[in-house]
Structures are given as C-alpha cells and as structure tokens.
Amino acid sequence: MKSVQLSSVISDKTSQSFWPAGVAYINHQLVPIQDAKIPILDWGFLHSDATYDVAHVWQGKFFRIDDHIDRFFAGMDRLHMDCGLSKAEVKQVMVDCVVATGLQDAYVEIICTRGQPAPGSRDPRTCENQFWAFAIPFVHILDPAKQGLSVIISQRQRIPAASVDPTIKNYHWLDLVLGLYEAYEQNAESVLLVDSAGNLCEGPGFNLFVLSGDRLMTPKSGVLHGITRKTILELGVAQGLDVCEMDITGVMAAEADEIFVTSTAGGPMPVTSVKW
Ligand SMILES: Cc1ncc(COP(=O)(O)O)c(C=O)c1O
C-alpha cells in the first residue's frame, strides 16, 4: 500500500490507505466520503445559502484550478461570506482530498455555506461561515460511451439574474432539476432553459455554444461564466472564429451547423438532437 503525504490532519482510522470512493474535508479533517456529514441547521442546507465550485482532475492533473478558486472567492465576496482559508490553503485542501482518494480522474468540489445563526437569531451576520470540500470519482454529464447528448429546449425560465446572479455559482437548481424531468418525459437526456425573453440560457451543469459557419456563439447573460466556456472562447479566438457572446434564440440553435455544451463534468460535449 502506498503512503499518502497530506498536509491536513487526517483521521487516524484511515491514514494507511486510499479512499477511492471519495474523500471529504470537514472540520479540518479528511474523512471517507460516506462518513461526511453536515449539521442540519446549516443555512447551506436549509436555505441553499452557499456558493461552491467544481474543478476536475484528469490523468493526475487539475485543470485551471486557480480560475476555479478565483471564481469561488469572487462568489463568497459578493455573498458576504468568508470561508476562513486563503486561496493557497483552499488549493492545498483540494490537492489533499484528491491525493487521499488515490484517483487519477476526479471531481473536486469546494463549498462555503452560511453556517448556523446564533440560537434564536435569523440574522445571517451571526453565522460562522463553513468551508467543506470533497473529491470523488470523475462525474460525466454525457456517458463517454455515447456520441452526443439529446436535449430539449424547455419554456421553463432559469432563475433571472436580477434575483440570483448566475455568475455566483449557486445551488438554486430546482428549475434545472424540474427541466430534467421534462426532458426525461420526452425521452431526452438533458434540458436547456430560457430567459424571460425566451433566449436560450444554460442547462443543469453546462453552458451552451452554437456554431453557424465560422461564427461561434454563446449566451451572453443569465448564465454562469463557466471555466470550460472561457476555455472554448479562448480556443475559438485562437482558431480565428468569429466568437460572440450574444442572445441566442431556439431558431438560431435549430438552424446552426453545430451545437455543443460545456462543463467541468465532461468538457465540450456535442448535442446530437434538440426538441422543443
Ligand atoms: C448552471 C451551470 N452552468 C454552467 C456550468 C459550467 O461551468 P464550468 O465549465 O465551470 O464547469 C455549470 C457547472 O457546474 C453550472 O452549474
């Protein structure tokens, strides 16, 4: 058995081996994922009062880890949260979690929750914000054995940016999950939601791209600024494509040469059928 060098404190019952099913960082300790528990009164659980980020490790290397950590800290800042760790410490926890799994390909999530208010209080300023992290085996949105994703365009609106800013990565996912059920009813695998004007936004865990000729388009607003989206925008410019962040209608998507979605959970993924 290989030994695992960790800078964080690990619980003694597990210090000798990897935990390939996953590892969580809770209360300054690494624990097997199945032992990871959060307090029921944390507002992260009760109110979705949290921000998070997900990075991936592929063949033993993190992809754009600093971009993920920067986005996480920007989100906390705007939510009046402080996870109590520096960016370097958060990065170390992420590395430690992955090392402790022994995995080469992993899905690594960092979370800051509001925490619990003082007894009897409903004032978020009395909460001590909490930091959590975990690494688990890589999660694919698109089954790697499949050629592409079938999606529907739902008329369900993504939570508007004026309510919850989608550039702060958040757990307001009920619109996305209900959209998924609509997709399953129509024998599709996933869903794209729209904004209040009917323009396409994003789906459960991914951004959208539409290619028409040499014009590569992605929705401009009402979406998370995905790290994979950012990478594709950079690659599009490098390829000499006419890259545009703009409003995209369902008709534009239907008439496009290609549609694909992008996510940490799978990179760029072709869309092979669209229904609406
Ligand atoms: C709502 C939403 N949009 C887009 C994305 C894609 O972002 P990224 O490329 O950073 O994974 C995600 C990722 O989880 C997401 O949750």
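Which residue forms a salt bridge with Asp66? Lys91 does, and the closest N and O atoms of the pair are 2.9 Å apart. A salt bridge here is a side-chain nitrogen of Lys or Arg within 4 Å of a carboxyl oxygen of Asp or Glu. This is a predicted model: local features need pLDDT of at least 70, side-chain atom pairs count only at pLDDT 80 or more, and totals for chains, interfaces and linings use all residues. Residues are numbered from 1 along each chain as its sequence is written, and side-chain values use heavy atoms, with hydrogens and water left out.

**The chain as a whole**

- The chain has 6 helices and 14 strands. Helices (H or I, at least four residues) and strands (E, at least two) are DSSP runs, numbered from the N terminus.
- With 276 residues, a compact globule would have a radius of gyration near 19 Å; the chain has 20 Å, which agrees. The radius is taken over C-alpha atoms, and the globule rule is 2.2 Å times the number of residues to the power 0.38.
- Along the principal axes, the C-alpha atoms fill a box of roughly 60 × 50 × 35 Å.
- Of the 276 residues, 49% count as buried. Buried means under 20% relative accessible area, exposed over 50%, and partly exposed in between (1.4 Å probe, protein chains only).
- Take the contacts between residues at least 6 apart in sequence: 66% of them join residues at least 24 apart. Contact means heavy atoms within 4.5 Å.

**Surface**

- The accessible surface of the chain comes to about 13900 Å². Carbon and sulfur atoms account for 54% of that surface. Areas come from the Shrake-Rupley method with a 1.4 Å probe; for residues, only the protein chains shown count as cover.
- Ile38, Ile40, Leu41, Phe45 and Leu46 make a nonpolar surface patch of about 510 Å². Patches are made of residues with over 30% relative accessible area and no salt bridge; like charges are joined within 9 Å, nonpolar side chains (Val, Leu, Ile, Met, Phe, Trp, Tyr) within 5 Å.
- Leu41, one of the patch residues, lies in the loop between strand 3 (29–32) and helix 1 (43–47).

**Helix 2**

- Helix 2 (residues 65–78) has 14 residues, which should span 20 Å at 1.5 Å a residue; its end C-alpha atoms are 20 Å apart, which agrees. The expected span is 1.5 Å times one less than the number of residues.
- Its buried residues are Ile65, Asp67, His68, Ile69, Arg71, Phe72, Phe73, Gly75 and Met76.
- The packing partners of these buried residues include strand 4 (50–58), helix 3 (87–101), strand 6 (106–113) and helix 5 (227–238).
- Just after helix 2, His80 takes a positive phi of about 60 degrees.

**Helix 5**

- Helix 5 has 12 residues. From first C-alpha to last it reaches 17 Å, close to the 16 Å expected at 1.5 Å a residue.
- Ile227, Thr228, Arg229, Thr231, Ile232, Leu233 and Gly236 are its buried residues.
- They pack against several elements, among them helix 2, strand 10 (207–212), strand 12 (242–246) and strand 14 (267–275).
- Gly240 follows helix 5, with a positive phi near 80 degrees.

- Side chains of opposite charge can pair when their charged atoms come close.
- The count comes to 15 salt bridges. Asp66 lies in helix 2 and Lys91 in helix 3, so this pair ties together parts that are 25 residues apart in sequence.
- Asp66 is partly exposed, with a relative accessible area of 42%. Lys91 is also partly exposed, at 30%.

**Around Arg158**

- Arg158 sits in the loop between strand 8 (149–157) and helix 4 (174–185). At 10% relative accessibility, Arg158 counts as buried.
- Arg158 and Asp175 meet in a salt bridge (2.9 Å, N to O). The pair links distant parts of the chain, 17 residues apart, with Asp175 in helix 4. Asp175 is buried, at 9%.
- Glu202 and Arg158 also meet in a salt bridge (2.9 Å, N to O). This pair is 44 residues apart, with Glu202 in the loop between strand 9 (190–194) and strand 10. Glu202 is buried, with a relative accessible area of 4%.
- Elsewhere, salt bridges that share partners join Arg64, Asp67, Lys230 and Glu234 into one network.
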